Amino acid sequence: MPADGEAVERATQSHGRALLTALRAQAHHSVTDRVYDWLLRLVTADERLKLDLFRFVDVLPALHGPHAVARHLEEYLGERGLDLPSGVARLARLMARTAPGEWVMSEAAQAGTHLLAQRFIAGADARQVLRAARHLRRSDLAFSADLLGEAVTSEEEAELYQQRYLALLRDLAAADLWPPNPVTDQAPFGPLPRVNLSIKLSSLYARFD
């Protein structure tokens, strides 16, 4: 890397550390926030664990009943030699052997998944998305919305995504009626849009490759 590139890299890391320190200083310390922080550290600590947890979350909606959830959770976390916190794998195996234990595992898995989803998914409809956007503005944070999923396999799917993007844009236009917030609406170079929509080009054409 050229000398000027190294200087840019050092400056970038320095600014990043300063921003992270400032964010941590402003962090909330509710029980929910502490549980979320613990879950996030657990999920991101190990690549294999992260991959297996994402796979488990992916199949969770298709699992019916505590027994199925507990068996899958035990399989994903307890039988693959993952580097879990002390006692977690053993506790999962013990709990999966009783009906009350299966119920506790199922409830904990679904509550943890819901908690993580709340941090990354604004909502299932326009009302929920707007509520999340208002919460961000009250915290002096701007936002950019997008749709879950991206790759399409047919022109019909691409048309559907286009209509969903347009509907989301129309729904979010209600943000123009909100009271102004100079922190999020103004920049040194001029006014900022209140609504930002991130569009995945691969969702608008089935042959994007």
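Predicted model: local features only at pLDDT ≥ 70, side-chain atom pairs only at ≥ 80, totals over all residues.
Trainee: What does the secondary structure of the chain come to?

Mentor: The chain has nine helices and two strands, and, reading from the N terminus, the order of its elements is α-α-α-α-α-α-α-α-α-β-β.

Trainee: And how many of the residues count as buried?

Mentor: Of the 209 residues in the chain, 28% count as buried. As for contacts with a separation of 6 or more, 62% of them are between residues 24 or more positions apart.

Trainee: Which residues have the most contacts inside the largest nonpolar core?

Mentor: That core has 16 residues, and the ones with the most contacts inside it are Leu147, Val152, Tyr161, Leu168, Leu172 and Trp178. Both α7 (126-138) and α8 (155-172) supply at least two residues each, and the largest share of the core, five residues, comes from α8.

Trainee: Let me pick Leu172, then; what is it in contact with, leaving aside neighbours within four places in sequence?

Mentor: With those neighbours left aside, Leu172 is in contact with Val129, Leu130, Phe143, Ala145 and Val195.

Trainee: Changing topic to Asn181: where does it lie?

Mentor: Asn181 is found in the loop between α8 and α9 (182-185).

Trainee: Does it count as buried or exposed?

Mentor: Asn181 counts as buried, because its relative accessibility is 11%, and the cut-off for buried is under 20%.

Trainee: So what does the side chain of Asn181 reach?

Mentor: The side chain of Asn181 reaches the backbone nitrogen of Val183 at 3.0 Å, and a polar contact of 3.2 Å joins it to the side chain of Asp140. If residues up to four places away in sequence are not counted, Asn181 touches Arg137 and Asp140.

Trainee: Why does Leu204 count as partly exposed?

Mentor: Leu204 counts as partly exposed because its relative accessibility is 34%, and that class takes in values between the 20% and 50% cut-offs.

Trainee: Last one: what does the accessible surface of the whole chain come to?

Mentor: The accessible surface of the chain is about 14,700 Å², and 59% of that belongs to carbon and sulfur atoms.

Conventions. Residues numbered from 1 in each chain as written. Heavy atoms only, no water. Core = buried A, V, L, I, M, F, W, Y, C linked by side-chain atoms within 4.5 Å. Buried < 20%, exposed > 50% of the residue type's maximum accessible area, 1.4 Å probe, protein only. Helix = DSSP H or I, 4+ residues; strand = E, 2+ residues; numbered from the N terminus. Contact = heavy atoms within 4.5 Å. Polar contact = N/O pair within 3.5 Å; in protein donor to acceptor, adjacent residues only side chain to side chain. Areas by Shrake-Rupley, 256 points an atom, 1.4 Å probe, with all protein chains shown as cover.
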